[in-house]
Amino acid sequence: MRISSTIKNLMIETRLGEFEEVILLLAGILGESAYAFRIAEEFQGQTKRSVSIGAVHSTLTRLEDKGFLKSEMGKSTAERGGRRKRIYTLTAYGKKALAAAREFRQSLWDQYPGFAVRIVAG
Amino acid sequence: MSTRPPHLAQRLLKSFLRDDLYEEVLGDLDEKFLAVAPLGAFRAKVRYWYEVFHYIRPFALKKTRSLHINPYPMWRSYFKIGWRNLLKNRTTSLINIFGLSVGLISCLLIALYVQHEASFDTFQPNASRIVRVIMEYGFNGSPDTQRGNFTSTKVAPVFARTFPEVEYSIRMNEADMIVQHNGNSFKEAHFLFADSSFFNIFDYHLLQGNPKEALNGPRKLLLTASAAKRYFGYESPLNKILIVGSREIPYEVTGVIADYPTNSQIRFDFLASFSSLGANQEETYFEANYTTYLLLRRSDQFGALQEKITSFMKKEMVGSGATINFLLEPFAQIHLHSPYPGFVPNTNITYLYILVAVALLILAIVCFTYINLSTARSMERAREVGIRKVVGAARPQLFAQFIGESFLLFLISVFISIAGAWAAIPFFNDLTGQHFQAQDLHTPFFLLFTIVLILVVSLLAGSFPAMILSGFQPARVLKGIFKNTASAKWLQQSLMVFQFTISVFLIAATLTIQNQLHYIQHKNLGYDRAHVLSLPLNSKVNKQLPLLKQLFKSNTDVIQVSGCVSSPVSIGGGYNMRTPTMSKDAQISVIATPVDEGYVGATGLQLIAGSDLTEQDMKDVADDNPKRVYHFILNESAVRQLGWSVPDAVGKTLDMGERIGFVKGVVKDFHFQSLREAIRPVVLFTENQGYGQILVKISGHNMPAAISFIQKTWKNLLPSVPFEYQFLDDHYLQMYQAEMQLGVVMSLFSAIAILLACLGLLGLSAYSMQQRTKEIGIRKIMGASSWRIVQLLSNQFIRLVALSILIGCPLAYWIMERWLSGFAYRVGVSGWVFATAATACLTVTLFTVGVQGMRAAVSNPVDSLKAE
C-alpha cells in the first residue's frame with residue numbers, strides 16, 4: 001500500500017455505501033477472478049444495471065484505500081494480449097465491514113413493523 | 001470493419017491515464033471489446049469510446065507535476081521582450097494593429113447588424129406557435145395564381161371556428177391616421193387595428209389598463225408609452241379621448257403599452273380595436289385587406305393544419321369562379337425568409353449571408369497579413385529562440401511566449417476597435433438605416449462575442465508563427481546558416497494570393513452591383529418619373545378632388561394632375577377579364593388599376609394607338625350615371641395576351657369583373673413593378689372613386705415655387721389634412737433599397753479589403769527589400785541599372801497578384817451572374833469590370849512595391865555593403 005493512501009486512510013470514511021457493498025460482495029464471490037472487468041460484468045448480470053468499467057475500477061481503488069481490499073497483479077496469460085490483470089481479494093477488515101453492514105441491516109429489518117406484525121394495509 | 005479497438009481511443013486513454021494503471025485497464029477494455037464485438041463492430045467501438053471516457057476520473061488521471069517555480073518574473077520578462085519587439089518593429093506593429101482594428105471594427109458592426117436582424121420576433125414567447133396566413137388566389141380559366149400577405153375579414157373567425165388546432169386568431173390592419181388632440185393634429189404612420197385576441201397571442205406588457213377589455217369594443221385605443229408621453233406628457237392618458245381619422249371619430253384611451261423591442265415585425269404607436277374599423281362584415285373571402293395571424297395549440301400542428309386548410313378551401317370555393325387557398329408561414333421566419341413583409345420591411349437572408357461572408361473575408365485578410373508579417377520576421381527572432389533553447393526553454397514554453405506576444409498585439413487592437421466601433425455607430429446607422437446605440441455594444445452577448453472573436457483570431461493567426469518560431473533547432477540557428485524555409489515562403493505566397501483574390505473578387509462584385517444599380521436608376525421605364533409629385537389621398541380629400549385638380553392646374557408650372565390608385569412605379573391589384581368572343585367560363589387574369597383622364601399625361605406613358613382618356617370618359621362612369629360605360633387603356637402585353645394586334649385593339653369590347661366597356665388606347669409596355677419582374681399585361685380603367693393619391697407633373701424650371709404653390713393651395717382647401725408629398729423618383733428608388741444598401745456596404749467593405757491587402761503587401765515587400773539590401777548592393781556594383789533592380793524586386797509580387805486575378809475573376813463572374821439572375825432586366829457581367837479590378841490591384845501593387853524598390857535601388861551600395 002502506498003504511503004499517501006495510508007495517510008489518507010486516517011481521514012477516510014469507513015462505512016460502506018450501497019454500490020461499494022455490492023462491489024465488495026462481488027469481489028468476494030468471484031474470488032480468484034475478481035478483477036475490474038469481471039466484476040463489472042457480474043454486476044450487470046446480477047443487477048441488470050449498466051455500469052462502466054471505470055466506475056467499478058474507481059470504487060475498487062477507493063475500497064482498497066479504505067483497507068477493505070488488497071490487490072495484486074496476476075500472471076501474464078495469452079488472453080488479452082498478454083496484459084496482466086489486477087486481482088482484488090477481501091481483507092479481514094473488509095469481511096468484518098461486510099458482516100457489520102449485514103448485521104446493521106438485519107437489526108433494522110427486525111424493528112420494521114410490517115415483518116413483526118404482518119398487517120396488510122387495505 | 002476491423003474488430004480491433006479504435007486506435008484513437010487507445011491513444012486518448014494513454015494520454016490521460018496513470019502509467020501504472022495502463023496495462024490492467026487496457027486489458028480490461030480489450031476484454032469488454034471482445035465481449036461486445038458479437039453485437040457488431042460499430043457497437044463495440046462506440047462502447048469502447050464510452051468506457052474510455054468513463055475512465056476520466058480523479059483516481060485514474062496522471063498526476064500533474066507541480067514544479068513550485070515562481071513563473072512571475074519569467075512572464076514579466078516575456079512581456080517586456082514582447083513590448084520591446086512591438087516598439088522595435090514599429091512599421092510592422094502599426095500595420096498589424098491598424099489592420100486588425102479596422103477588421104475587428106468591420107466585424108463588430110456587421111455582427112451588430114446581423115444579430116439585430118436575426119433576433120427579430122424572438123422576444124415573443126409564443127413565436128413558435130404563431131403563423132401568418134398568406135392568400136393565394138387565381139381565377140378559373142387562368143393558370144397563374146397570385147399570392148400576398150392579405151386576407152379578408154372572414155378568414156380569422158372561420159379558421160378559429162373550424163379548426164381545433166387554432167387557439168386564437170387575429171386580424172390586423174395598419175393605416176396612416178390623423179390624430180387630433182387639444183386642437184392639434186398629427187399624422188401617425190404606425191396606427192394598428194387589431195382584434196381583442198392581441199394580448200392572448202402576442203406578449204406586450206401593459207403599463208395601464210386591462211388586457212382583457214382594452215380592445216373589447218369599438219373606438220378603443222391603446223398607446224405605447226412613448227406615444228402617450230408625446231400626447232399627454234406626464235398625465236395619465238387613461239379614459240382620455242383622442243380624435244382619429246378624417247371622419248374625426250373620438251376614441252377612448254383604454255391602456256398604455258410599455259415600449260417594446262425594435263426587432264419586431266409588428267410595429268405600432270397606436271393600437272385600436274379592430275371593430276372600430278367597421279370593416280366589411282360580410283362573409284367573403286374577397287376584399288382581402290387585412291393581415292391574419294393564428295396561434296396554434298402546439299407548434300407541431302403546422303403541417304397538419306396546412307393540409308386541412310387546403311382541402312377545406314377547395315370545398316369552400318366550389319362554384320365561385322375563383323380558386324383561393326391559404327398558406328401558413330411560421331411567424332419567426334417571416335422577417336428573414338418571407339417575400340411578404342410584416343408591418344416593417346423584411347430583410348433578405350441572402351443579404352445577411354453576404355454581410356457575414358464579407359466580414360469573414362476581411363478577417364481572413366487581416367489574419368493572413370499578420371501571419372505573413374510574423375513569419376517573415378521570424379528570422380530576426382531565430383537567434384533569440386536558439387539561445388533560449390540552449391538555456392533550457394522547452395518548446396511549449398516558447399510557444400506560449402510567442403502566442404502571448406500575439407495576444408498582446410491583439411489586445412491593443414481590441415481596445416482600439418471597441419472605441420472605433422463606438423465612434424463608427426452613427427455612420428453605420430446612416431448606412432444601414434438602423435438605430436443602433438453605443439449601449440448595444442455592451443450587451444453580454446456582445447462582450448462574449450468580442451472575447452470569443454479575439455480568442456479565435458489570435459489563436460488562428462498567432463499559433464502558426466508561434467509554431468514556426470518555437471520549432472527552430474538551436475544548433476542550426478546559432479551556427480548562422482539558417483534561411484527562411486521553403487515551406488514558410490510557400491505559405492506566405494499562397495496567403496498573399498488568397499488576399500488579393502478576395503480583393504479582386506470584392507472589387508468586381510462591387511462594380512457589378514453598382515452597374516446594375518446605375519442601370520436601374522437610368523433605365524427607360526416607359527414612363528417619365530421626373531418632376532412628378534405624389535400626394536396621398538383619403539376619403540375626405542377625394543370629395544374635394546375635382547376642385548383641387550382645377551386649382552393646381554391654374555398654375556403654369558403644373559403640367560398635368562391625375563387622381564389614381566397607384567402610380568406607374570408600382571401597380572398591383574388582380575382583376576379578371578374576358579372578351580365577348582371568349583368561351584363563357586374563360587377568363588384572363590390581369591393587373592389593373594383605376595385612373596382618371598390626367599394619368600397618361602402626368603406620367604408620360606407613350607400612347608401607340610388609339611387616344612387618351614377624356615373628361616367625357618370619366619363622366620361615363622360617374623356614380624349618378626345609370627348606363628355606365630368603361631374605357632380601358634391596355635399595354636402591349638395585354639393586347640398580345642388577348643391575341644389582338646395593336647391597331648386592331650382600339651374599340652374592342654372588354655368585360656372586366658362586371659365593368660363593360662371599350663378599349664380606348666394602347667400604351668407601350670412600361671415597368672410597373674420592380675425590374676426583378678418581367679412586364680405583364682396591365683389595364684388602366686376609368687373609375688371615379690377610391691383614389692389613393694394625386695400625381696402632379698410639374699415642369700422642372702421652377703420647382704420650389706411650384707411646390708410651395710401646391711402646398712398653399714392644399715392648406716387653403718384642406719386645412720385639417722397634413723400636406724405631404726413624395727417624388728415619384730424617390731418612391732421608385734425605395735423599391736431597390738436593399739440593393740442600394742448592398743451597393744453602399746459592398747463599396748465600403750471592398751475598399752477596406754483592398755486597403756488591408758495592400759497593408760500586408762506593403763509590410764511584406766518592405767521586409768523582402770530589407771533582406772536583399774546586400775544583393776542589391778552587389779548587383780549595382782556589377783552594373784545593374786536602378787530600373788532593372790525595381791523590375792527584379794517587383795516581379796515576384798506582380799506574378800502573385802496576376803495569379804490572384806486569374807482566380808478571382810472567374811469566381812466573381814460566377815457569383816455575380818447568380819445575383820443578377822434574380823432580375824428580369826439586368827446588365828451583363830462585363831469585361832471591363834474585371835479589367836478595372838485587375839488594373840486596380842496591379843496598380844496598387846506596382847505602386848506599393850515600386851516605391852520601396854526605388855528606395856532600395858537608388859540607395860548607395862557602399863552603405864549596404866560596408867557594414868558586416
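**Burial and the nonpolar cores**

Guide: Of the 122 residues in chain A, 28% are buried (20 or more other C-beta atoms, placed from the backbone, within 10 Å of the residue's own). The model is predicted: local features need pLDDT of at least 70, side-chain atom pairs count only at pLDDT 80 or more, and totals for chains, interfaces and linings use all residues. Residues are numbered from 1 along each chain as its sequence is written, while chains are lettered from A and ligands numbered from 1 in the order in which they are written.

Now the largest nonpolar core. A core here is a set of buried Ala, Val, Leu, Ile, Met, Phe, Trp, Tyr and Cys residues joined through C-beta atoms within 7 Å. The largest has 95 residues. Ile362(B), Ile365(B), Val504(B), Ala508(B) and Ala753(B) have the most contacts inside it. Contact means C-beta atoms, placed from the backbone, within 7 Å.

Several helices of chain B each supply at least two residues of this core, including α5 (90-118), α15 (486-522) and α23 (737-771). Helices are DSSP runs (H or I, at least four residues), numbered from the N terminus. The largest share, 17 residues, comes from α11(B). Domain 2 (73-120 + 348-482) and domain 4 (485-524 + 734-868) of chain B each give this core at least three residues; the bounds come from an automatic or database domain assignment.

Take Ile362(B). Leaving out residues up to four places away in sequence, Ile362(B) touches Gly103(B), Ser106(B), Cys107(B), Phe749(B), Ile752(B), Ala753(B) and Leu756(B). Another core lies apart from the largest one. That other core has 54 residues, among them Leu537(B), Leu548(B), Ile588(B) and Val590(B).

Terms used:
A residue is buried if 20 or more other C-beta atoms lie within 10 Å of its own, exposed if 12 or fewer, and partly exposed in between; C-beta atoms are placed from the backbone. Two residues are in contact if their C-beta atoms, placed from the backbone, lie within 7 Å.
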